[in-house]
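Reader: I've got the sequence and the model up on my screen. Can you walk me through a few spots?

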Amino acid sequence: MTAKLAHGMFTVERRYDASPQRVFQAYEDPVAFRRWFAEAPGATIYEWTHDFRVGGQGGGRYRFGGEERDVGFNDTLFLDIVENRRIILSYVMGSEIGEERHRISASLATIELAPDRDGTRLTYTEQGAYFGEDGAAHIPLREGGCAAMFENLARELETRG
């Protein structure tokens, strides 16, 4: 029997009233990145790393919601970084149940930053493989999660800009 697999691709675009340098800095700075990327209301972060360089790794273990929720993980590898212009990374997401890790997806993501008048146009493109019987159902959820994450980035830029 072959394990189910769904492929999906989506793009999220967002404009910020901040320079490409400022948006890039929000990715580069480990404290700022953790704040807008992982620290959502109700989140518990168990461990987090952010080695922002080509070949560097990032991600961690976290829980969104109460103790009844599984612990999630994100293992990221930075593949290409062009300062103030582009970030390409791969990542695997999943959950931990006891001592076992269950992968739910593996993705390649590209973040492009382009000047847009006095701000920045961010274009995020993700190509993913989503595992399991309900893999295809994860694609719109992931797109929605990414859009919400970029709203967090907007708040970061507004409050810390």
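Predicted model: local features only at pLDDT ≥ 70, side-chain atom pairs only at ≥ 80, totals over all residues.

Reader: Let's start with Asp116: buried or exposed?

Author: Residues are numbered from 1 along each chain as its sequence is written, and side-chain values use heavy atoms, with hydrogens and water left out. Buried means under 20% relative accessible area, exposed over 50% and partly exposed in between (1.4 Å probe, protein chains only). Asp116 has a relative accessible area of 14%, so Asp116 counts as buried.

Reader: Leaving aside neighbours within four places in sequence, which residues is Asp116 in contact with?

Author: Asp116 sits in strand S6, residues 100-116 (strands are DSSP runs of E, at least two residues, and helices of H or I, at least four, numbered from the N terminus). Contact means heavy atoms within 4.5 Å. With those neighbours set aside, the partners of Asp116 are Arg15 and Arg121.

Reader: How many bridges join S4 to S5?

Author: Two strands pair if DSSP finds at least two bridges between them. S4 and S5 run antiparallel and form a hairpin with three residues between them. In the turn, Asn84 has a positive phi of about 65 degrees. Gly72 has Ser95 in S5 as its bridge partner, and the bridges joining S4 to S5 number eleven.
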